[in-house]
Amino acid sequence: MAFITADRLSKQYRSGEVTVDALKGVSLDVEEGEFLAVVGESGAGKSTLLSLLGGLDRPTAGSLHVNDLDVYGLRGERLADFRSEYLGFVFQSFQLITYLTALENTMLPLAIAPMKAKEKRAAGIHALKRVGLGDKLDRLPHQMSGGEQERVALARAIVNDPPVILADEPTGNLDSKNGEAVMKLLQDLNREGITIVMVTHNLGYTKYASRTIKLQDGGIVPFTDTDASCAVAFEDEQEEGRSIVGSGSAAERRGFSEPAALPA
Ligand SMILES: Nc1ncnc2c1ncn2[C@@H]1O[C@H](COP(=O)(O)OP(=O)(O)O)[C@@H](O)[C@H]1O
Ligand SMILES: [Mg+2]
């Protein structure tokens, strides 16, 4: 079994008479050490998938196994333990607490951890150093740039040393320079062994991932050559004047692989 195995995950949201099929039986395997990008238009179900992979919400149907653990079979505190042991979350709006310093924000996930205050502080400092903010421990969010705030959010996601990071549009609020910096950091963390599932609507960032899948209308559809070409075109737009070297299709050049087919 893969490290993360989602089997026919469905999610319906009901509000009054209206039912929205946000996810329609998505099956997905993520291997340990993968950097998976999830793309798709707004409303395609990306955030829903990510929150289901993180055990933040329950599916209407389907199952999720992480490291052979039946995640939706876990109840209450055991589900909370799973999240704190296995996962680091990064969201689009950094959700930093405005009156806490970079270090205090980073240490938040350790609030319930059975560690001494001194150990928590050391872990927080270590995480901030990993994202290049070792000299900004005592800054408040408003004293940092958007890129720095996003890096604090990343430090907070890795402070508990999780094997998996789930990131929902981590560069959504950043300009391209800061966005690239955050992507390179994610790539470094992935190379250090952390498995990453990242939602992005920016096709240019799929080049950092080892595999890309596309969601459309609640289901996985092939991430096509055309999609990949768009990504390359986007990148060229960003780096004006750089020519594309190499032959073969855009997908081949970028090493994209086809997503796993949906079960019938
Ligand atoms: N809490 C919710 N209640 C009702 N509908 C929701 C809720 N969250 C998401 N949806 C709907 O589910 C669909 C998928 O949403 P979402 O997963 O947020 O898509 P994406 O992240 O790809 O933009 C959308 O139609 C959205 O409006
Ligand atoms: Mg979303």
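In which sense do strand β4 and β5 pair, and over how many bridges? The pairing is antiparallel, and β4 (residues 61–66) meets β5 over two bridges. The model is predicted.

## Four-stranded sheet

Strands β4 and β5 belong to an open sheet of four strands. The order is β2-β1-β4-β5, and the pairing is antiparallel. At the edges lie β2 (18–30) and β5 (69–70), each of which pairs on one side only. Val66 stands opposite Leu69 in β5.

Helix α1 (residues 46–53) packs on this sheet. The helix touches β1 (4–15), β2 and β4. The direction of α1 makes about 120° with that of β1.

## Six-stranded sheet

Another open sheet has six strands. Their order is β6-β7-β8-β3-β9-β10, with mixed pairing. Here the edge strands are β6 (87–90) and β10 (219–221), and each pairs on one side only. Direction ignored, neighbouring strands of this sheet are turned by 25° against each other on average.

One parallel pair is formed by β3 (residues 35–39) and β9 (residues 211–216), over four bridges. Val39 stands opposite Lys214 in β9.

## Shell around ligand 1

Helix α1 matters again at ligand 1: α1 gives the most to the shell, with three residues. The elements that give two or more residues are β1, β2 and α1.

The residues around ligand 1 are Tyr13, Ser15, Val20, Ala22, Gly40, Ser42, Gly43, Ala44, Gly45, Lys46, Ser47 and Thr48. By class, the shell holds four nonpolar residues, seven polar and one charged.

## Packing of α5 and α6

Two packed helices are described by the angle between their axes and the distance between the axes. For α5 (residues 146–158) and α6 (residues 176–191), the angle is about 20° and the axes are 9 Å apart. Angles under 35 degrees count as roughly parallel, so α5 is roughly parallel to α6. The crossing of the two helices is right-handed.

On the α5 side, the contact is made by Gly146, Gly147, Glu150, Arg151, Leu154 and Ile158. On the α6 side, Asn178, Ala181, Val182, Leu185 and Leu189 take part. The contact residues divide into six nonpolar, three polar and two charged.

Key. Residues numbered from 1 in each chain as written. Chains lettered and ligands numbered in written order. Predicted model: local features only at pLDDT ≥ 70, side-chain atom pairs only at ≥ 80, totals over all residues. Pairing = 2+ DSSP bridges. Contact = placed C-beta atoms within 7 Å. Axes fitted to C-alpha atoms, helices over the stretch in contact; angles between N-to-C directions. Parallel < 35°, antiparallel > 145°, perpendicular 65-115°, else oblique. Left-handed = near helix turned anticlockwise from the far one by under 90°. Nonpolar A, V, L, I, M, F, W, Y, C, P; charged D, E, K, R; others polar. Near = placed C-beta within 6 Å.
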